[in-house]
Amino acid sequence: MSYIEPIKNFLASTGFAQLAENPLNLIMIAVACLLLYLAIVKKYEPLLLVPIAFGMLLTNLPGANLFHTELYDGGHVNWAAFSESAGLIDYLYLGVKLGIYPSLIFMGVGAMTDFGPLIANPKSLLLGAAAQLGIFIAFFGALLLGFNYNEAASIGIIGGADGPTAIYVTSQLAGDLLGPIAVAAYSYMALVPVIQPPIMKLLTTKKERMIVMEQLRPVSQKEKIIFPIMCTIFVSLLLPSAAPLVGLLMLGNLFKECGVTERLCKTAQNELMNIVTIFLGVSVGATATADAFLEWKTIGIFIMGVCAFGFSTVGGVLLGKLMNVLSGGKINPLIGSAGVSAVPMAARVSQVVGQKENPKNFLLMHAMGPNVAGVIGSAIAAGVFLALFN
């Protein structure tokens with residue numbers, strides 16, 4: 001009998017026994033495996049979807065105790081309980097909760113982005129702004145579905161097609177929805193080449209899609225150095241809550257353009273970006289517990305997310321059509337769809353759709369202007385929501 005009791009205790013302590021007590025975890029493990037399949041086999045945003053899916057897998061393994069949602073109840077960090085019950089991912093998640101990882105991701109994006117097309121054609125800013133239409137439509141749509149203001153703002157930001165911004169806003173306003181919103185945001189980003197072309201073709205004529213735009217003017221290094229500094233000052237004074245995202249985005253770009261920080265630029269582009277991506281993905285995936293993910297709210301998030309993304313594309317294309325009329329037929333409306341901030345994927349979609357109609361059409365550099373403007377636009381939209389509801 002003395003040997004049986006320890007064996008019983010061991011069997012009861014295994015994850016298999018605990019899994020039988022909460023079979024919903026099996027569904028979440030299956031969802032995690034599905035996301036891993038999409039990331040690895042279908043190559044849907046693999047650099048972030050793999051760590052997100054694996055974080056989801058880890059948090060739903062009973063008994064692992066890697067992440068504890070109760071440490072973040074009420075939107076605040078329960079520091080007193082950390083020393084007693086925190087697991088590995090609880091510590092990693094602090095980088096999400098405190099807004100560290102998304103801002104560092106933005107610095108890496110800035111270090112890899114050329115703002116030259118935007119500087120050469122400042123009107124691109126308008127297209128980037130118009131492509132944020134879906135954010136606000138989804139915000140009001142989510143309110144109609146019964147979400148509160150904080151949750152609606154977090155759902156709406158999916159329309160910016162910017163994963164780090166969606167994570168940043170949600171971690172500040174509606175942390176309990178972080179898992180579903182992150183999965184929705186990155187899923188739709190991966191589906192840019194699928195979602196956008198039908199909308200672009202529906203809203204434009206063949207003649208408009210065939211328009212060949214004039215070559216952009218050369219942009220001097222001085223302009224490229226001044227732009228991130230002035231943009232940081234203006235946006236941060238207008239919306240201080242957007243300063244962490246816009247500020248580090250522009251700092252990364254300044255590393256790239258100033259010509260004296262090559263080592264810092266390479267670190268921001270590569271080592272730092274990769275490390276933060278791993279920590280961010282695993283931490284965000286860990287929030288997708290069965291209790292948080294398997295409810296009706298998740299379905300509403302995915303529905304409003306795709307609406308946000310679709311209307312953002314509509315907003316950019318429609319303003320592109322208006323600008324084409326005002327310019328006397330010199331602007332191809334397809335570049336407006338690149339106003340969503342999925343860099344550079346959305347710009348490539350504009351190029352592909354335009355080139356199918358006219359093989360001599362090269363829209364990539366023209367589309368990069370609205371594309372990088374969309375990054376700034378989504379950060380500003382995030383700042384608006386944080387200023388209103390945080």
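Is cysteine 307 buried, partly exposed or exposed, and what is its relative accessible area? Cysteine 307 is partly exposed, with a relative accessible area of 29%, where buried means under 20% relative accessible area, exposed means over 50% and partly exposed lies in between, using a 1.4 Å probe and protein chains only. The structure is a predicted model, in which local features need pLDDT of at least 70 and side-chain atom pairs count only at pLDDT 80 or more, while totals for chains, interfaces and linings use all residues. Residues are numbered from 1 along each chain as its sequence is written, and side-chain values use heavy atoms, with hydrogens and water left out.

**Cysteines**

- Cysteine 33 is also partly exposed, with a relative accessible area of 41%.
- A disulfide is a covalent bond between the sulfur atoms of two cysteines.
- A search of the whole structure finds zero disulfides, a disulfide being counted when a pair of cysteine sulfur atoms lies within 2.5 Å.

**Aromatic rings**

- The structure holds 16 aromatic pairs, and rings of Phe, Tyr and Trp (its six-membered ring) pair if their centres lie within 6.5 Å, with planes under 30 degrees apart counting as stacked, over 60 as edge-to-face and the rest as tilted.
- One of these pairs joins phenylalanine 139 and phenylalanine 140, which are edge-to-face at 5.1 Å centre to centre, with 70° between the planes.
- Phenylalanine 139 also pairs with phenylalanine 385, and this pair is tilted because the ring centres are 5.3 Å apart and the planes stand at 35°.
- That pair links distant parts of the chain, since phenylalanine 139 lies in helix H10 (residues 133-144) and phenylalanine 385 in helix H23 (residues 364-389), 246 residues apart; helices here are DSSP runs of H or I with at least four residues, numbered from the N terminus.
- Both partners are buried, phenylalanine 139 at 6% relative accessibility and phenylalanine 385 with a relative accessible area of 2%.
- Elsewhere, Phe67, Tyr72, Trp79, Phe82, Tyr91 and Tyr93 form one aromatic cluster.

**Helices H22 and H23**

- The axes of helix H22 (residues 345-357) and H23 come within 8 Å and cross at roughly 145°, where axes are lines fitted to C-alpha atoms, for helices over the stretch in contact, and angles run from 0 to 180 degrees between N-to-C directions.
- Residues that make this contact (heavy atoms within 4.5 Å) include Met345, Ala346 and Arg348 of H22, together with Leu364, Ala367 and Asn371 of H23.
- The buried residues of H22 include Ala346, Val349, Val353 and Glu357, and what covers the buried residues includes helix H14 (192-203), helix H15 (206-209) and H23.

**Helices H12 and H13**

- Helix H12 (residues 163-173) is mostly covered, as ten of its eleven residues are buried, among them Gly163, Ile167, Tyr168 and Leu173.
- H13 is likewise mostly covered, with 13 of its 13 residues buried.
- At 1.5 Å a residue, the 13 residues of helix H13 (residues 178-190) should span 18 Å, and the end C-alpha atoms are 18 Å apart, which agrees; the expected span is 1.5 Å times one less than the number of residues.

**Valine 284**

- Valine 284 lies in helix H19 (residues 271-286) and is buried, with a relative accessible area of 1%.
- Leaving aside its neighbours within four places in sequence, valine 284 is in contact with Val96, Ile167, Leu178, Gly179 and Ala182.
- The C-alpha atoms of valine 284 and leucine 326 are separated by 44 Å, although these residues are 42 residues apart along the chain.

Methods:
Helices (H or I, at least four residues) and strands (E, at least two) are DSSP runs, numbered from the N terminus.
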